[in-house]
Amino acid sequence: MATFAEMDPYGYDGLTGWKSYRLLRPGRGMYHDIRRRLPYYKSDLIDALTYRTAASIVRMYFVNLLPALAFILDMYRRTDEQFGVNEALFASALAAMVFSILGAQPLTIVGITGLISLFNYTIYDIIKIYDPALYPPFLGWVGIWAAVFHWLFAIWNISDYMRYVTDFSSQSFGMYVGIIYIIKGVEELVAEFTSFNSTQGFLSCVIAILYFGTIYSLENIGRSTLFKPWFRSILADYAYPVSFRCPAQYD
């Protein structure tokens, strides 16, 4: 009978001496990630040519884009228009394309969260004390420094030690991200009142309520017995673009 080490060549169980230390075997995790994923690279593309994948792509596009726009607008306002929609979307798209090809993972979703927004305009608050013109190059060097640390973590197999971290940390982080989503959404609505006028602020609130209500209703229809099954499936699959289009008529 095959041992666990034979079934999982990347495992460290049963190893002795220096080979049992992950830090002393640089690049081993990256090598095995690519080795495990390489036979499925072609099938990942071929198997994805289905209707369900197309519907999922559209759904994830709107699920990631719309909150990202709220965070980007927040950064745009707090950085005196130095970090806007174009920069954020280009950076996200470039990182997503590179990582999805070289990341050796079957599914990769990259996007801007409230923590990135908070981090970026906190840097700006520090830089503007000296010279706001330094913000773009300084942020570029922050990105390079972060990339170097990511490379070092990958090369020296540091991510393997996540096995010793409990789910409490990830769940707490997820809760924090969810709270930030809610707070930033409310802040953008409040900004409509303070930056423009009460009419535009109330209209933004109405659009937000209509958007939420439309998505909630369409997804509930997809789980109900109304209409034909194929029609219910289409409504549920494309709830986000339909909901985005309808309230936008009032904007």
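Which residues in H4 meet which residues in H5? In this predicted model, the H4 side of the contact is formed by Leu65, Leu69, Ile72 and Leu73, and these meet Val85, Ala88 and Leu89 in H5. By class, the contact of H4 with H5 comprises 7 nonpolar residues, with no polar and no charged ones. The axes of helix H4 (residues 51-78) and helix H5 (residues 85-102) come within 9 Å and cross at roughly 135°, which makes H4 oblique to H5, and the crossing of the two helices is right-handed.

Helix H4 also packs against H8, at an angle of about 60° and with the axes 10 Å apart, so that H4 is oblique to H8; the crossing of H4 and H8 is left-handed. On the H4 side, Pro67, Ala70, Phe71, Leu73, Asp74, Arg77 and Arg78 take part, and they meet Ile180, Tyr181, Lys184, Glu187, Glu188 and Ala191 in H8. The residues of the contact of H4 with H8 divide into 7 nonpolar and 6 charged, with no polar ones.

The buried residues of H8 are Val177, Ile180, Lys184, Glu188, Ala191 and Glu192, and what covers them includes H4, helix H6 (114-127) and helix H9 (198-222).

Technical notes: Residues are numbered from 1 along each chain as its sequence is written. This is a predicted model: local features need pLDDT of at least 70, side-chain atom pairs count only at pLDDT 80 or more; totals for chains, interfaces and linings use all residues. Side-chain values use heavy atoms; hydrogens and water are left out. Axes are lines fitted to C-alpha atoms, for helices over the stretch in contact, and angles run from 0 to 180 degrees between N-to-C directions. Helices (H or I, at least four residues) and strands (E, at least two) are DSSP runs, numbered from the N terminus. Angles under 35 degrees count as roughly parallel, over 145 as roughly antiparallel, 65 to 115 as roughly perpendicular and the rest as oblique. A crossing is left-handed if the near helix is turned anticlockwise from the far one by less than a right angle, and right-handed if clockwise. Contact means heavy atoms within 4.5 Å. Ala, Val, Leu, Ile, Met, Phe, Trp, Tyr, Cys and Pro count as nonpolar, Asp, Glu, Lys and Arg as charged, and the others, Gly among them, as polar. Buried means under 20% relative accessible area, exposed over 50%, partly exposed in between (1.4 Å probe, protein chains only).
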